[in-house]
Amino acid sequence: MKNEVKIHEVDPSLDSRRSFLKLSGLTLVTAGLVLAGCSNNDDDNDMQDNTLPGIKNGVFDLGSGDFGVLTYAYALEQLEADFYTKVVNASGFNSTFNDIERQVLTDLYHHEVVHRDFFKAALTGALPDPSTQLLPSLAFNYGSMNFNSRNEVLATAKALEDTGVAAYNGAGKLIKSADYLLLAGKIVSVEARHASAIRSLINPNSKDFAGDDIISTSTGLDVAKDPSKILPIAGGFITTKFTAKYLP
């Protein structure tokens, strides 16, 4: 008996590029991807029955299979949501950034909070025992970072967004469920827009939004990285100890 989140799509009407950036993350859950409930299906072979997330030798491990990948994504979305929450609540937010920058950063804050909450709801509904298998709320530390520094905030946002896109791209090949792969594809498309928006704030009217450091010059595709390459980067901000022994 396997639980699987059922997802259905609604095509939101967007009237401008600006509106798309503002609404795309929100509509993923509120309109584009809606939790329609969970079901048990003995004939469902989409979910990989490998190691489930949970405590292993006293430490939470992300597990493997589709649940492991979704839990991995949930950890990254917790990080991004926490970062942008601190950005928009910094004492100098209004004076540090201009109107356009504040609009973009506030939009990204809303997007990442929705992504985080969506994964929490999805995993809570789908895991066989969420009381022991759901990744707990993580704690973060940004060291000496000054959230009232435009350069430091945008540089960190750039690193997080680029890492997030590479993470989703690298995780795609690990997902067996077509529904979950569709979900990841929708979210990574939003994360890629985040990355390009931040790069454009840093260097307006440039080609940095699709720089050679994130787009392969031979394939024209975004960079893709396995969890083992992503987690050491994200782990620099995450103080809660967890492992990913079963992810490549």
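Author: Happy to; below we go through some terms one by one and set each value against its cut-off. Please keep in mind that this is a predicted model.

Reader: Thanks! What makes up the secondary structure of the protein?

Author: The protein has eight helices and five strands. Along the sequence they follow the pattern β-α-β-β-β-α-α-α-α-α-α-α-β. Buried residues account for 48% of the 248 residues. Among contacts with a separation of 6 or more, 78% join residues 24 or more positions apart.

Reader: Let me start with one residue. Why is E101 called buried?

Author: E101 has a relative accessible area of 5%. Buried means under 20%, so E101 is buried. You will find E101 in helix 4, which spans residues 99-126.

Reader: And what does E101 touch, leaving out residues up to four places away in sequence?

Author: E101 touches T96, R150 and L201.

Reader: How do you know that the side chains of E101 and R150 make a polar contact?

Author: The two side chains are joined at 2.8 Å. The cut-off for a pair of N or O atoms is 3.5 Å, so the E101 and R150 pair counts as a polar contact.

Reader: Is R150 buried, partly exposed or exposed, and what makes it so?

Author: R150 has a relative accessible area of 27%. R150 is placed in helix 6. Leaving out residues up to four places away in sequence, R150 touches T96, F97, E101 and L201.

Reader: On to helix pairs. Why are helix 2 and helix 6 called roughly antiparallel?

Author: Helix 2 (residues 65-88) and helix 6 (residues 150-171) pack at an angle of about 165°, and their axes are 11 Å apart. Angles over 145 degrees count as roughly antiparallel, so that is the name for helix 2 and helix 6. Their crossing is left-handed.

Reader: Which residues meet there, and how do they divide by class?

Author: From helix 2, the residues include V69, Y72, L76, E77, E80 and F83, and from helix 6 they include V153, T156, L160, E161 and Y168. By class, the contact of helix 2 with helix 6 has 14 nonpolar, one polar and three charged residues.

Reader: What makes helix 4 oblique to helix 6?

Author: Helix 4 and helix 6 pack at about 40°, with axes 13 Å apart. Roughly parallel needs an angle under 35 degrees, and roughly perpendicular begins at 65, so helix 4 is oblique to helix 6. This crossing of helix 4 and helix 6 is left-handed. Here E101, L105, L108, E112 and F119 of helix 4 meet R150, L154, E161 and Y168 of helix 6. That contact has five nonpolar, no polar and four charged residues.

Reader: How do you know that helix 2 and helix 8 are roughly parallel?

Author: Their axes come within 12 Å and cross at roughly 25°. Angles under 35 degrees count as roughly parallel, so helix 2 and helix 8 are roughly parallel to each other. The crossing of helix 2 and helix 8 is left-handed. Y72, L76 and L79 in helix 2 meet P227, I230, L231 and A234 in helix 8. The residues of this contact divide into seven nonpolar, no polar and no charged.

Reader: Why does I233 count as partly exposed?

Author: I233 has 40% relative accessibility. The class lies between 20% and 50%, so I233 counts as partly exposed. I233 lies in helix 8, residues 227-234. The C-alpha atoms of I233 and L160 are separated by 8.9 Å, and these residues are 73 apart along the chain.

Notes
Residues are numbered from 1 along each chain as its sequence is written. This is a predicted model: local features need pLDDT of at least 70, side-chain atom pairs count only at pLDDT 80 or more; totals for chains, interfaces and linings use all residues. Side-chain values use heavy atoms; hydrogens and water are left out. Helices (H or I, at least four residues) and strands (E, at least two) are DSSP runs, numbered from the N terminus. Buried means under 20% relative accessible area, exposed over 50%, partly exposed in between (1.4 Å probe, protein chains only). A polar contact is a pair of N or O atoms within 3.5 Å; within protein, one must be able to donate a hydrogen and the other to accept it, and residues adjacent in sequence count only if both atoms are side-chain atoms. Contact means heavy atoms within 4.5 Å. Axes are lines fitted to C-alpha atoms, for helices over the stretch in contact, and angles run from 0 to 180 degrees between N-to-C directions. Angles under 35 degrees count as roughly parallel, over 145 as roughly antiparallel, 65 to 115 as roughly perpendicular and the rest as oblique. A crossing is left-handed if the near helix is turned anticlockwise from the far one by less than a right angle, and right-handed if clockwise. Ala, Val, Leu, Ile, Met, Phe, Trp, Tyr, Cys and Pro count as nonpolar, Asp, Glu, Lys and Arg as charged, and the others, Gly among them, as polar.
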